[in-house]
There are 2 protein chains.
Amino acid sequence: MSTCYLKLQLFFLYFFCKIAFCFGQINDPLPSWNEGLSKQAITQFINDTTTPGSKDYIPLKDRIAVFDQDGTLWVEQPIYTQFLFAIDTIKDLASKNPEWKNTEPYRTILEGDLEKIKNFNFQDLEKIIAMSHANMSVEEFQENVCSWLNKAVHPRFKKPFTQLIYQPMIEVINYFNNHGYKVYIVSGGGQEFIRTYSEQVYGIPPEEIIGSAGKVKYEYKMGKPELLKLPEVLFIDDKTGKPEAINLFIGKVPVAAFGNSDGDQQMLEWSQSTKRKSFQLLVHHDDPIREYKYDKDSKIGTFSQALMNEANQRGWIIVSMKNDWNKIFSFENCLPQ
Amino acid sequence: MSTCYLKLQLFFLYFFCKIAFCFGQINDPLPSWNEGLSKQAITQFINDTTTPGSKDYIPLKDRIAVFDQDGTLWVEQPIYTQFLFAIDTIKDLASKNPEWKNTEPYRTILEGDLEKIKNFNFQDLEKIIAMSHANMSVEEFQENVCSWLNKAVHPRFKKPFTQLIYQPMIEVINYFNNHGYKVYIVSGGGQEFIRTYSEQVYGIPPEEIIGSAGKVKYEYKMGKPELLKLPEVLFIDDKTGKPEAINLFIGKVPVAAFGNSDGDQQMLEWSQSTKRKSFQLLVHHDDPIREYKYDKDSKIGTFSQALMNEANQRGWIIVSMKNDWNKIFSFENCLPQ
């Protein structure tokens, strides 16, 4: 055998391996996830429930997955994005309401003290919601949100909020979607707020967004029907409100549930009450360098010791952002490796 | 040319025509509809909105059609099916509540006076709902409904209620579905009630059923989570409540709406407020032989003169059950032609 022929063979072998490796990467549905137990559990669940003939196979109509939003799909620190929208709206309206300088809760907002804002009680929040989220049509409200999202940037990352989406979770959403799962967002945040960007940002249409909801009133404006947003709460989609709203909107028990805080506890329990195989996952914020580090002592996205204990006891997956995710945001592409 | 050859030619011609005719029937998506303006309007709308390149083309994500249920998809006379379920449930519970013989509204129910029952006020209805629809888990309630539907028959037709479905409307649902429309039921009836049979009867899954809803409470029974139905109304999905609930559940304006009574007026108006081409249809009950004849003077399914005027003014299609439908129920197959 000539040396030349051997070289040619080695070249083809090298070339073949390289192609195989690349294909492996391309075919990985979760490239932002490091290899490990969390990633393995996700792919195992999808294989078990969508491979025809598998003992845990779930028919298409029952493939329902629910995702919390704040802290699970996008950044919720230093304070919920929707709060920042409300704060900016109140600030915009302040020039027409000079008395706010001396009236709570507006004064605290105008001073921009986030720590005090986090401690607002229900009455304070009601006043803020009434000013920033009500007494306008649903359409007007969504235009306001849209226009704010187009100009607002996150105080630390200096990026639009709709870019502060966790790339690994987008991959999970797509992975589930591509395997016939209907994916819902089930958020304590306002449903009209999320619906303004959900389709563009997550690929999830408005009818698959469940969130806290205010009452609306059908009325006519210049002969044309419109829905007026009232300053009254219809339901709060948090804690026990999550399974209650899931039942209201979906009428089925989801088989997969993703969250990150005490507000998601009952939603995860509910999904585990199905007779089918099910999957529960909690994102743990433990990466202060690339994102934030917080759990039991945070007012925003509290992840208590009790939740941690329950998760361990019930076999829920706890994702370490630091160790399980090789990338957090899609814009990290542009950063040096 | 021999006679034999000519005969053969005629035979093939006849055979060809027969096949062509049969194919025409098979390919007709609305075989229970007589040819006429109503049928033409439906097929025209589907062609206009789903043919690529058409000026009125509607992208898949915005193809939303909403259907009222009682009187639009199934029989609502002599009284709503769900009322009959409640009446039978109260009768079943009467032996354990002997005092009901002398207490309203139970006495009227036990006497079975439908005319008086139709005049019940909101307080009466609340008591009946509390007894027949609450203080049990969602699962238990649906088992009760299922078991009742399996044995109950309609007083006039002597058929199970789930057979008293309008075949022409099932064809419309399938026709819209097959053209990429997501079909929702938007009913004044109870959403948990409809969800027990909607998938089997209409092919519409629970998450596409919007109806009046009671509050539920997440709790634990022997350590297992369950949702308890409370005797409190969350919202009534009728009249202005229909567009309000459509916004809550779907977050988009439907482009097609089907109803039969004053309770559907705002839903049809709302669908017509879209900037896209849209379609509105009202079923008019004018066939006392095959079904019922009622409109403005009926307490159940009132179709007022005002609604008739608005429909004419706004160009909504009014379907005459007598003239537009060659078949009302699928079991008419078995009747002599």
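1. Pro78(B) sits in the loop that runs between strand E1 (64-67) and helix H3 (81-93) of chain B, helices (H or I, at least four residues) and strands (E, at least two) being DSSP runs numbered from the N terminus. The peptide bond leading from Gln77(B) into Pro78(B) is cis, with omega near 0°.

2. This is a predicted model, in which local features need pLDDT of at least 70, side-chain atom pairs count only at pLDDT 80 or more, and totals for chains, interfaces and linings use all residues. Residues are numbered from 1 along each chain as its sequence is written, chains are lettered from A and ligands numbered from 1 in the order in which they are written, and side-chain values use heavy atoms, with hydrogens and water left out.

3. A cis peptide bond also joins Glu104(B) to Pro105(B), again with omega near 0°, and Pro105(B) belongs to the loop between H3 and helix H4 (106-111) of chain B. Such bonds deserve a check, because most peptide bonds are trans and most residues other than glycine have a negative phi.

4. In chain A, Lys158(A) has a positive phi, near 55°, and lies in the loop between helix H7 (138-151) and helix H8 (167-178). Lys158(A) counts as exposed because its relative accessible area is 58%, where exposed means over 50%, buried under 20% and partly exposed in between (1.4 Å probe, protein chains only).

5. Met222(A) likewise has a positive phi, near 50°, in the loop between strand E3 (209-221) and E4 of chain A, and with a relative accessible area of 84% Met222(A) is exposed.
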